[in-house]
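This briefing covers a pocket, the nonpolar cores, selected strands and a few backbone details of the structure below. The points are grouped by topic.

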Amino acid sequence: MRILLTNDDGIHAEGLASLERVARTLSDDVWVVAPEQDQSGYAHSLSISEPLRLRKIGEKHYAVRGTPTDCVIMGVKKILPAAPDLILSGINSGANIADDVTYSGTVAGAMEGALLGVRSIALSQGYSYVGEDRVVPYETTEALAPALLKKLVAVPLPDGVLLNVNFPNCLPEEVAGTVVTSQGKLVHSLWVDERRDGRGLPYYWLRFGREPVEGKKGTDLYALRNRLVSVTPLQLDLTAHEIRDQLTKALA
């Protein structure tokens, strides 16, 4: 099985190294094509106004000056000798659940794989802070992902469907199980933070200000808060099928 790895945290991210160790439990034909720099929050964006720069950094390891989507396209269309059998995107530093899925470059890497007709899975790991330091227990994903992936790759998926897998912020032995979930809903909490530079001119940061949300049972939010691994099937078809008839009647 040929496996292509990408991420949005960048080619040198600790999570990508962890993902490669996971992938090598499934195959010895593993390729890495990842962004040269952090691309978190770039979602499913393409670099179409500037060239893509490619740099080989090792055997079957390439850095692209572009987005996760660019990386998957370059991997499948240019770098690999043939299309991969599996695309894994991650391991993201932080969960990609609920509304955050729409912003996630990690999920976007798997989305592009699904568009290209390749089985694709995004993997993310919850974290916490100790003081000002982010602590990401990648060992949880490393311990549990190999067996889980072996099960998931055996499940037939319809065209245009990808899997979004999130691991809870706890040690492997503290994980309560694995559940299939739906995408949860967060209270939108992006804020515009205005600051001043050394000359007194304004500049702005987008920042998160999460409000507590009680995730409904069966959602990815609920799963992670109860130390469960969340497996959410996502689809590329964004059509709101339930209101098509209503719109047809309104336009008749």
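In this predicted model, the second largest pocket has a lining of 15 residues, and Val101, Thr102, Met111, Gln235 and Leu238 are those nearest its centre. The space in this pocket comes to about 270 Å³.

**Pocket lining**
- Helix α3 (105–115) and strand β13 each give at least two residues to the lining of the second largest pocket.
- The largest share of that lining is the three residues from α3.
- By residue class, the lining of the second largest pocket holds nine nonpolar, five polar and one charged.

**Helix α3**
- Because nine of its eleven residues are buried, α3 is largely enclosed by the rest of the structure.
- The buried residues are Gly105, Thr106, Val107, Ala108, Gly109, Ala110, Glu112, Gly113 and Ala114.
- The cover over these buried residues of α3 includes β1, α2 (68–79), β5, β6, β9 and β13.

**Strand β13 and its partners**
- Strand β13 spans residues 228–235 and is mostly covered, with six of its eight residues buried.
- Strand β9 (residues 161–167) runs antiparallel to β13 and is joined to β13 by six bridges.
- Within this pairing, Asn166 has Ser230 of β13 as its bridge partner.
- Strand β10 (residues 177–180) runs parallel to β13, with four bridges between the two.
- Here Thr178 is opposite Val229 of β13.

**Nonpolar cores**
- The largest nonpolar core contains 30 residues, and Leu5, Leu88, Ile121, Leu123, Leu149 and Val165 have the most contacts inside it.
- At least two residues of this core come from each of β1 (2–6), α1 (14–23), β2 (29–35), β5 (86–93), β6 (119–125), α4 (138–152), β9 and β13.
- Helix α4 provides the largest share of this core, five residues.
- Another core, of 13 residues, lies apart from it, and its members include Trp31, Cys71, Val76 and Val118.
- Beyond residues up to four places away in sequence, Leu5 touches Leu16, Leu19, Glu20, Ala23, Val30, Trp31, Val32, Val33 and Leu88.

**Strand β4 and its partners**
- In strand β4 (residues 61–64), His61 and Ala63 point one way, Tyr62 and Val64 point the other way, and all are buried.
- Strands β2 and β4 run parallel and are joined by four bridges.
- Strand β3 (residues 54–58) runs antiparallel to β4, and four bridges join the two.
- His61 is also the bridge partner in β4 of Gly58.
- The hairpin of β3 and β4 has two residues between the strands, and Lys60 takes a positive phi near 60° there.

**Val64**
- Val64, in strand β4, counts as buried because its relative accessibility is 0%, where the cut-off for buried is under 20%.
- Val64 and Ala143 are 79 residues apart in sequence, with their C-alpha atoms 29 Å apart in space.

**Leu186**
- Leu186 belongs to the loop between β10 and β11 (190–196).
- With a relative accessibility of 10%, Leu186 counts as buried.
- Leu186 and Asp99 are 87 residues apart along the chain, while their C-alpha atoms are separated by 6.1 Å.

**Backbone details**
- Between Gly90 and Ile91 the peptide bond is cis, with omega near -15°; Ile91 is part of strand β5.
- Lys60, in the loop between β3 and β4, has a positive phi of about 60° although it is not a glycine.
- The relative accessible area of Lys60 is 21%, so Lys60 is partly exposed.
- Arg227 also is not a glycine and has a positive phi of about 60°; its place is in the loop between α5 (220–225) and β13.
- Arg227 is partly exposed, at a relative accessible area of 41%.

Definitions and conventions: Residues numbered from 1 in each chain as written. Predicted model: local features only at pLDDT ≥ 70, side-chain atom pairs only at ≥ 80, totals over all residues. Heavy atoms only, no water. Buried < 20%, exposed > 50% of the residue type's maximum accessible area, 1.4 Å probe, protein only. Pairing = 2+ DSSP bridges. 1 Å grid on protein atoms, 1.4 Å probe; cavity = no way out; pocket = protein on both sides within 12 Å on 5 of 7 lines; lining within 4 Å. Points joined across faces, edges and corners; volume = space filled by probe spheres on them. Nonpolar A, V, L, I, M, F, W, Y, C, P; charged D, E, K, R; others polar. Core = buried A, V, L, I, M, F, W, Y, C linked by side-chain atoms within 4.5 Å. Contact = heavy atoms within 4.5 Å.
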